[in-house]
Amino acid sequence: MSCATFNVAFSLNLHGCNKNAVSKSLGFRHHTTFHKFSSLFFETLDLSPTNRSFVQHAPSRSFHSVFKCAAQNSQPSPSVGIDTENNSQRVTVLVIGGGGREHALCYALQRSPSCDTVLCAPGNAGIASSGNATCISDLDISDGESVISFCQKRGVGLVVVGPEAPLVAGLTNKLVKAGIPTFGPSAEAAALEGSKNFMKNLCDKYDIPTAKYKTFTDPSAAKQYIQEQGAPIVIKADGLAAGKGVTVAMTLEEAYKAVDSMLVQGDFGSAGCRVIVEEFLEGEEASFFALVDGENAIPLESAQDHKRVGDGDTGPNTGGMGAYSPAPILTKELQSIVMDSIIIPTVKGMSAEGSKFVGVLYAGLMIEKKSGMPKLIEYNVRFGDPECQVLMVRLESDLVQVLLAACRGELNGVSLKWSPGSAMVVVMASNGYPGSYQKGTVIENLEEAEAVAPGIKIFHAGTAFDSEGRFIATGGRVLGVTAKGNDLEEACDRAYRAVENVNWPGGFYRRDIGWRALPQKQHARKE
């Protein structure tokens, strides 16, 4: 059945109604009766069980838009070309991933004038219910051939790979070989994130400033070196560890324990079979992002993350508990230095090594206290999470065309437009994170939280629907409550007002996101 048929069949003005309101407007006494009706209706549409779930359990979407999304998902899209002159033919985009970063990418891509449809695999409940993309939960993104087949059937003109794991596994290699434009590095280039040892060796070879280090596979040798260097000192697992493979050890005992965790106990599996022991750099961390086309790089706006789980940057490292953009620490002068001394040498070095980098280079930096100069802490080969959220709400350029230009090696001369003011995201995580946490806790009041002030968008990182159609938490980091403002103080105030309106007893959040750039009084928030 076509979307036009839905327009006739469901011409009631139901935008913004909840399930009970929709049910009553259709003459049903309760939304469970409506569910039975909709199940019969789905049989006539031949929708998959996945799409039925997304439609039936979508409390925050208008009824019409949900059915429109499901209808589009139930039939192949025609193949579309790319017209860079007038965008008369728009592009179907597939986003790979299902977290907060991917939700933010879907949000920005959907706003692109040259975007026809955004698909997201696997996506999550929040992405599906927001209307920012059609989620394809049953596509196996670890199977390159399945992804290629899907792209060909749906006429996908651009694939954007969000997480690092598919990149390191070589998904981009397979898609590019099949002639599908893909934004994200090859497996060889993704080694910049997949192996910290690889990244450090590249820094040595091309004179890129980074912390002094040594690499070990023998725990005794690593401990001997740690004893010689003294604490504080940093211990890193060589491979991918979901943002948790770094220990900033303030004592020798803590450093030894981290070495044993990785090399003896195998807590990080193959990712921890080799460790990097690195000097402790004192200063302020910042995140720097650049789009790269293999030879050229253009910087994105600056952002600053908050890695530690607790207020005042205390507790263990996480994937990130909040971020803001722009970051005052990254002045225009410093950004120029980062481009000249870190980003460009990396791009040229990777090209010289025969592994041209196409995608996002995310440089984790330390602005050293003693020198005021940037040093490279680590590279990620994709948009950061949660930095992506604040960047995407501020981006005003046509993201589809920018990413296609990167895929074609045509970034030279491209400039990006950003909204003025600031943006902030506060991550809401499950109690216990980054350790063990309970799944399935109910989250309520999200629509009301988004409406407390202008410029608020809640991105979903780890949510699903329960049997009653309520949002539940399925991950450690679950929501990214994001807000724009004329300045950082206004963005902060709006973000925390929204956070405080979310009803989720099973979650927690840091109460001091942005503390380095804001007056102390801004974060005098009560428990």
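Trainee: At what angle do helix α13 and helix α14 pack, and how far apart are their axes?

Mentor: Helix α13 (residues 219–229) packs with helix α14 (residues 252–264) at an angle of about 160°, and their axes are 10 Å apart. Helices (H or I, at least four residues) and strands (E, at least two) are DSSP runs numbered from the N terminus, while axes are lines fitted to C-alpha atoms, for helices over the stretch in contact, with angles from 0 to 180 degrees between N-to-C directions. That angle makes α13 roughly antiparallel to α14 (under 35 degrees is roughly parallel, over 145 roughly antiparallel, 65 to 115 roughly perpendicular, the rest oblique). Please keep in mind that this is a predicted model, in which local features need pLDDT of at least 70 and side-chain atom pairs count only at pLDDT 80 or more, although totals for chains, interfaces and linings use all residues. Residues are numbered from 1 along each chain as its sequence is written, and side-chain values use heavy atoms, with hydrogens and water left out.

Trainee: Which residues of α13 meet α14?

Mentor: Contact means heavy atoms within 4.5 Å. From α13 come Pro219, Ala222, Lys223, Ile226 and Gln227, and the residues they meet in α14 include Leu252, Tyr256 and Leu263. The residues of this contact divide into nine nonpolar, one polar and two charged.

Trainee: What is the order of the strands in the open sheet of five?

Mentor: Two strands pair if DSSP finds at least two bridges between them. Here the order is β3-β2-β1-β4-β5, with parallel pairing, and the edge strands, each pairing on one side only, are β3 (134–135) and β5 (182–183). Two bridges link β4 (residues 156–161) to β5, and Val159 stands opposite Thr182 in β5.

Trainee: Which strands does helix α6 lie across, and which does helix α17 lie across?

Mentor: Helix α6 (residues 100–110) lies across β1 (91–97), β2 (115–122) and β4, running at about 170° to β2. Helix α17 (residues 399–407) lies across β1, β2, β4 and β5, and its angle to β4 is about 85°.

Trainee: Why is strand β17 described as largely enclosed?

Mentor: Buried means under 20% relative accessible area, exposed over 50%, and partly exposed in between (1.4 Å probe, protein chains only). Seven of the seven residues of β17 (residues 374–380) are buried, so the strand is largely enclosed by the rest of the structure. Strand β16 (residues 358–368) runs antiparallel to β17 and is joined to it by six bridges, with Tyr362 and Asn380 as bridge partners. Their hairpin has five residues between the strands, and Gly372 takes a positive phi near 75° there. Across the protein's 527 residues, buried ones make up 57%.

How values were computed. Ala, Val, Leu, Ile, Met, Phe, Trp, Tyr, Cys and Pro count as nonpolar, Asp, Glu, Lys and Arg as charged, and the others, Gly among them, as polar.
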